[in-house]
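Visitor: I would like a quick tour of this protein. Take me from overall confidence down to single residues, please.

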Amino acid sequence: MASFEIGARGLFNFRNERFFLLVEDEITIPEKGVEIDPVNIYEIDQQTFNFIRDEGDTPIVVPRFNLPPVPPGFELERKCIFTVDNSYFIIYELENGTDNFVMLRISAALFNSLRNSGVRECVPQDFIN
């Protein structure tokens with residue numbers, strides 16, 4: 001029997017101008033040996049961002065310039081690349097039983113190289129309108 005769960009989730013505030021909800025869908029079909037876990041990004045308005053933030057169970061994702069150390073027993077998995085207003089990022093998931101996103105700021109050249117080599121690009125879905 002297939003199962004569907006929400007894995008990691010996070011909120012991203014881009015320059016207090018654009019707001020995003022990041023959600024990892026975990027889909028498993030054991031009898032077929034299939035396990036997929038894509039990240040979806042939804043652009044939301046500031047009011048929705050504030051509402052979700054104030055609920056207190058969805059962390060804010062703050063972009064970093066280098067990856068954090070990965071503690072023993074944890075796994076850092078690259079999920080996708082993402083761009084907004086000429087800023088470029090790689091989204092990782094730090095898995096340790098409670099999944100968290102890590103967003104790494106990268107150059108346009110690295111973004112294009114990763115995209116050209118087939119790395120999945122997360123394209124935001126517009127939930128504003």
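Visitor: What pLDDT does the protein average?
Guide: This is a predicted model, and confidence comes first. Of the residues, 97% score at least 70. The average pLDDT of the protein is 90.

Visitor: Which element has the lowest mean pLDDT?
Guide: Take the other end of the scale to start. Helix α2, residues 108–116, has the highest mean, at 97. The lowest mean is 73, and it belongs to residues 34–36. That element is strand β3.

Visitor: How many helices and strands does the protein have, and how do they run from the N terminus on?
Guide: The count is two helices and eight strands. Read from the N terminus, the order is β-β-β-β-α-β-β-β-α-β.

Visitor: What radius of gyration does the protein have, and how does a compact globule compare?
Guide: The chain has 129 residues, so a compact globule would have a radius of gyration near 14 Å. The C-alpha atoms fill a box of roughly 45 × 35 × 30 Å along the principal axes. The protein's own radius agrees with the globule value: 15 Å.

Visitor: What share of the contacts with a separation of 6 or more joins residues 24 or more positions apart?
Guide: Start with burial: 36% of the 129 residues are buried. Then count contacts between residues with a separation of 6 or more. Residues 24 or more positions apart account for 53%.

Visitor: How much of the accessible surface belongs to carbon and sulfur atoms?
Guide: The accessible surface of the protein comes to about 7600 Å². The share of carbon and sulfur atoms is 50%.

Visitor: How far apart are the mean positions of the positive and negative charges?
Guide: The protein has 11 positive and 21 negative charges.

Visitor: Is E93 buried or exposed?
Guide: E93 sits in strand β6, residues 87–95. Beyond its neighbours within four places in sequence, E93 contacts A8, E24, E26, D37, E75, L76, E77, K79, D99 and N100. Its relative accessible area is 0%, and the cut-off for buried is under 20%. Therefore E93 is buried.

Visitor: In which loop does N16 lie, and what is its phi?
Guide: N16 lies in the loop between β1 (3–14) and β2 (18–29). Its phi is positive, in a residue other than glycine. The value is near 55°.

Visitor: Where is N86, and is N86 buried or exposed?
Guide: N86 is placed in the loop between β5 (75–84) and β6. Phi of N86 is also a positive value, near 60°, in a residue other than glycine. Its relative accessible area is 67%, and exposed means over 50%. So N86 is exposed.

Visitor: How far in space is V102 from P63, C-alpha to C-alpha?
Guide: V102 lies in strand β7, residues 100–106. V102 counts as buried because its relative accessibility is 8%. Its contacts beyond four places in sequence include R64, L67, P68 and L76. P63 is 39 residues away in sequence, yet in space the distance is 7.2 Å.

Visitor: What separates the C-alpha atoms of Q125 and Y42?
Guide: Q125 is in strand β8, residues 125–126. Q125 is partly exposed, with a relative accessible area of 36%. Not counting residues up to four places away, Q125 touches N40, I41, Y42 and E43. Q125 and Y42 are 83 residues apart along the chain, and their C-alpha atoms are separated by 4.7 Å.

Visitor: What is the C-alpha separation of T28 and M1?
Guide: T28 is in strand β2. At 24% relative accessibility, T28 counts as partly exposed. T28 and M1 are 27 residues apart along the chain, with a C-alpha separation of 8.4 Å.

Visitor: Which residues does V84 contact, leaving aside its neighbours within four places in sequence?
Guide: V84 is in strand β5. V84 is buried, at 2% relative accessible area. V123 is 39 residues away in sequence and 9.3 Å away in space, C-alpha to C-alpha. The contacts of V84 are F12, F14, R18, F20 and F89.

Notes: Residues numbered from 1 in each chain as written. Predicted model: local features only at pLDDT ≥ 70, side-chain atom pairs only at ≥ 80, totals over all residues. Heavy atoms only, no water. pLDDT = per-residue confidence, 0-100. Helix = DSSP H or I, 4+ residues; strand = E, 2+ residues; numbered from the N terminus. Rg over C-alpha atoms; globule rule 2.2 N^0.38 Å. Buried < 20%, exposed > 50% of the residue type's maximum accessible area, 1.4 Å probe, protein only. Contact = heavy atoms within 4.5 Å. Areas by Shrake-Rupley, 256 points an atom, 1.4 Å probe, with all protein chains shown as cover. Lys, Arg positive; Asp, Glu negative; His and termini not counted. Charge placed at Lys NZ, Arg CZ, Asp CG, Glu CD.
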